[in-house]
Amino acid sequence: MRMVRLILRLILLLVVTGLSAESIPLQGVLDQLKATLQWNPETETGYLDLSGEGLGELGDRIIFSLGSPWMVVNYREKIRTQGVQRSEGNLLFPDETLEVINRYFELLALRRIQPRVAAVLIDPGHGGKDSGAIGNHQSKDGELNLLEKDLVLDVSKRLYQLLKKEYPEKQILLTRHDDTYLKLEERTEIANNVNVGKHEAIIFVSIHANAAFNKGAKGYEVWVLPGDYRRNLIDTEELDEETRPIAPILNVLLEEEYSIESITLAKAVLEGFDSTVGDVTDNRGIREESWFVVRKAKMPSILIELGYVTNREEAYLLADESYLQKLTSGIYTGIRSFVANFESTKGFTE
Ligand SMILES: [Zn+2]
């Protein structure tokens with residue numbers, strides 16, 4: 001018996017590392033998943049019921065049909081696999097099929113215990129010797145000299161106050177509190193070192209203002225990483241030996257998740273702006289670029305451009321406190337709707 005277990009373990013290891021073993025027989029699969037099988041010979045459909053000791057939770061069920069690449073988990077989630085084959089009356093699971101199932105449940109486990117945003121990190125762009133974009137405009141009342149570093153700090157601090165009040169139980173953080181110069185690496189280092197629970201989420205919001213040669217350009221926009229950009233999100237050192245070989249797969253899944261969340265957050269912030277300043281300036285939409293701070297922060301992250309300091313009309317708006325307050329409440333509304341959505345729909349469990 002010990003020998004059998006050892007062999008099964010070896011098979012499992014080979015399957016996970018993908019070195020050999022093209023398919024493994026049903027019993028090995030049941031042992032690995034700690035599952036029982038109900039088989040309907042008429043429809044050639046199998047019901048794998050997980051015991052909760054291996055993958056998934058007690059009551060989780062995977063349904064598959066012979067020859068179909070689709071498996072259904074808990075009657076609602078479809079996952080695409082290599083299917084299940086039959087050879088000489090025995091069911092065989094291609095190793096890729098098992099790998100997909102494993103991967104799916106790894107992620108499901110994360111989702112089930114990740115229902116909360118624990119921290120929001122606000123990053124006012126530039127600062128100190130780096131003034132960021134500069135807007136100089138003349139009017140009959142004199143000269144307006146607008147510095148990006150100042151107005152983004154102003155908005156960031158307002159946002160900090162609003163979020164602090166709304167979420168006393170969450171960590172609300174600023175990368176800088178005053179006119180200090182911070183390197184980009186220092187900002188992302190702060191972001192990546194925020195102490196949150198293993199399965200708690202943190203979001204990163206970098207705040208900037210824009211400049212353009214075209215003085216007519218105006219409006220707000222939110223940047224996210226390009227959909228196909230791949231970050232290195234998984235620290236392989238932290239994975240156990242059996243999971244380590246599938247780190248690249250986990251990385252892609254996590255990246256996709258962050259990417260979707262970043263876009264959701266970006267949309268929510270744009271909607272917030274629409275409701276507070278949408279009548280006076282343009283919504284330039286979501287843009288994609290691999291900005292350093294967005295690229296290096298290992299979490300859902302966005303970069304907000306509040307408006308153009310080089311546009312005369314918008315510069316005067318950006319110099320006005322009540323306008324900055326409106327921009328702030330736009331971002332605040334967006335974050336609040338993202339958090340509410342995240343914390344209510346993130347888990348699959350009822
Ligand atoms: Zn900037």
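Me: Buried means under 20% relative accessible area, exposed over 50%, and partly exposed in between (1.4 Å probe, protein chains only). What percentage of the residues in the protein is buried?

Reply: Of the 350 residues in this protein, 47% are buried. This is a predicted model, in which local features need pLDDT of at least 70 and side-chain atom pairs count only at pLDDT 80 or more, while totals for chains, interfaces and linings use all residues. Residues are numbered from 1 along each chain as its sequence is written, and side-chain values use heavy atoms, with hydrogens and water left out.

Me: How many helices and strands are there?

Reply: Both are DSSP runs numbered from the N terminus: helices (H or I) have at least four residues, strands (E) at least two. The protein has nine helices and 16 strands.

Me: Which residues have the most contacts inside the largest nonpolar core?

Reply: A nonpolar core is a set of buried Ala, Val, Leu, Ile, Met, Phe, Trp, Tyr and Cys residues joined through side-chain atoms within 4.5 Å. Here the largest one holds 44 residues, and L306, I331 and I335 have the most contacts inside it. Helix α9 (residues 321-345) supplies the largest share of this core, nine residues. A separate core of 22 residues includes L55, M71, L98 and V100.

Me: What does L306 touch?

Reply: Contact means heavy atoms within 4.5 Å. Leaving aside residues up to four places away in sequence, L306 touches residues including L151, V155, F273, L327 and I331. For the protein, 69% of the contacts with a separation of 6 or more join residues 24 or more positions apart.

Me: Which residues of helix α5 are buried?

Reply: In α5 (residues 184-192), R187, T188 and A191 are buried. They span an arc of only 90 degrees around the axis, so they sit on the same side of α5. The arc is taken from the directions from the helix axis to the C-beta atoms. Among what covers the buried residues of α5 are β9 (117-124), β13 (201-210) and α7 (292-296).

Me: Which residues are the protein donors of the zinc ion?

Reply: Donors are N, O and S atoms within 2.8 Å of the metal (3.2 Å for Na, K and Ca); water is not among the atoms, so sites may look incomplete. The zinc ion has H126 (NE2), E148 (OE) and H208 (ND1), lying 2.1 Å from it. Their spacing along the chain is H-x21-E-x59-H. H126 lies in the loop between β9 and β10 (134-139) and E148 in helix α4 (residues 148-166), so this pair ties together parts 22 residues apart in sequence.

Me: Are H126 and E148 buried or exposed?

Reply: H126 counts as buried because its relative accessibility is 18%. E148 is buried too, with a relative accessible area of 2%.
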